[in-house]
Amino acid sequence: MLSENLSSGGAAPEAKLSQAPGKMLSRDFVLLLTMTMCSNIAYAVYYCFEQWLTNIDISPNWRGALISSFFAMILIFRPLASFLLLRRSKIWVLSISIILSSLAMMSYLLVDESRPVEFILALRIVQGITLAFYSSCTVAVLVDCIPKGKSAQGFALFSLAHLLPNAVIPILAESLLPLLGSEPRLFAAAAALGLSSLFLLIPLAPRLKKKELDADSSDEETPARGELLRSVAHSGLFLIFMACLASGVMVMMVNTFIKGLCVIKDIHPAMFFTTYSLVMIGVRLLGGRRLNNLPRYRSAAICCALMAAGILGLAWGPLWGFIPFSILYGLGMSVLYPMTASAIYERSRPGARSINSNLMMATFDASGIIGPMLGGLLINAGFGYRGVFAGAAMVAAVCAACMWIDWLKTGRKIKTEEQCP
């Protein structure tokens, strides 16, 4: 990984995988992107999940619980999965996760009208747990594929595997829904795309069989569990993790409640999603290499300012400014994640990089629970959708403050990381 091995005592053939030439779009990296995109295509159809719950007369309280249970399972099991997989091959875990998740998607066809809540809750729990293990495996392999000095570009390209499905699938799904007849049939059809990623495990097998920590390594070669946990706990990354949490909460608040705001302003929400998604894709494709040369902490603070301006403009700006403010939001969002992810990567010890990367993902999982809840509280308090967006802008300021304070605390120690080769 980045010409360094995650394990200080890995076997020779496995070490060669981590010390491959510094080519960004290596075969394994492209295969990993493709496999992740197949999985995300399957999950992108859940944009209509809440509406389906409404159609089958699930109460609003249970709707929120069923939506958040998925993120709660990921939050609980991702750190556990990350730790458990340190000394294990990931190929069987990925295979089982893909199969179980696809079966769960197909099982929505069997929802019993007499007791739908319990059955759907069970399916959401299974899907959350399988995605926790799946994402832990893919992130661990990702950090092993990124060449040295190109971490920001690598994370930016990897994020496209999430952006493209979310930008395209809702449009296609709306065309297919009348033909399929129901959302569960759409979920089942999408499961086939998830199963197709099983074939990509074959060429990725040598990389997936590699263990981050070798079970046969001596105590001198491999850190003990307690030592590894101490290295993570004392990594000095707390403020950056808090910045990641704040950025996730801000995004969840905006993306969850943008449709309600659009109804008030009489604007189609597709304008927002299409605009910011295209901006993010363009920035990360065209400016991927330049991201490696940006100062991590100052860039993150500037991104938060851009997003806060865009969020406030969406809420209170004129109708003609809706697209420009969406562009501001997309510009900030397109760079903020690579900067925070790269800062965590650059400042992590080799043996703790995949652990810290998965902890970063856990902050985003937590934001999937906190963001909608916070927005709902603001609406119930009488602040309305504009109040939610004002709250999101304040959270953006918190994110910027965390990054800025961390930069002031570490100061001279990270100056060399501000400009990566």
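Which residues lie nearest the centre of the largest cavity? They are S39, Y43, I98, S101 and G194, among the 13 residues that line the largest cavity. This is a predicted model, in which local features need pLDDT of at least 70, side-chain atom pairs count only at pLDDT 80 or more, and totals for chains, interfaces and linings use all residues. Residues are numbered from 1 along each chain as its sequence is written, and side-chain values use heavy atoms, with hydrogens and water left out.

**The cavities**
- A cavity is a set of points on a 1 Å grid over the protein atoms alone where a 1.4 Å probe fits but cannot get out, and lining residues have an atom within 4 Å of a point.
- The count comes to two cavities of 30 Å³ or more, and the largest cavity holds about 100 Å³ of space (the volume filled by probe spheres set on the points, which are joined across faces, edges and corners).
- The elements that give two or more residues to the lining of the largest cavity are α2 (27-44), α5 (91-106) and α6 (116-145).
- α5 gives the most, with five residues.
- The lining of the largest cavity divides into six nonpolar, seven polar and no charged residues (Ala, Val, Leu, Ile, Met, Phe, Trp, Tyr, Cys and Pro count as nonpolar, Asp, Glu, Lys and Arg as charged, and the others, Gly among them, as polar).

**The helix pair**
- Helices here are DSSP runs (H or I, at least four residues), numbered from the N terminus.
- The axes of α11 (residues 238-265) and α17 (residues 384-410) come within 8 Å and cross at roughly 160 degrees, which makes α11 roughly antiparallel to α17 (angles over 145 degrees).
- Axes are lines fitted to C-alpha atoms, for helices over the stretch in contact, and angles run from 0 to 180 degrees between N-to-C directions.
- The contact of α11 with α17 comprises 24 nonpolar, three polar and four charged residues.

Conventions: Parallel < 35°, antiparallel > 145°, perpendicular 65-115°, else oblique. 1 Å grid on protein atoms, 1.4 Å probe; cavity = no way out; pocket = protein on both sides within 12 Å on 5 of 7 lines; lining within 4 Å.
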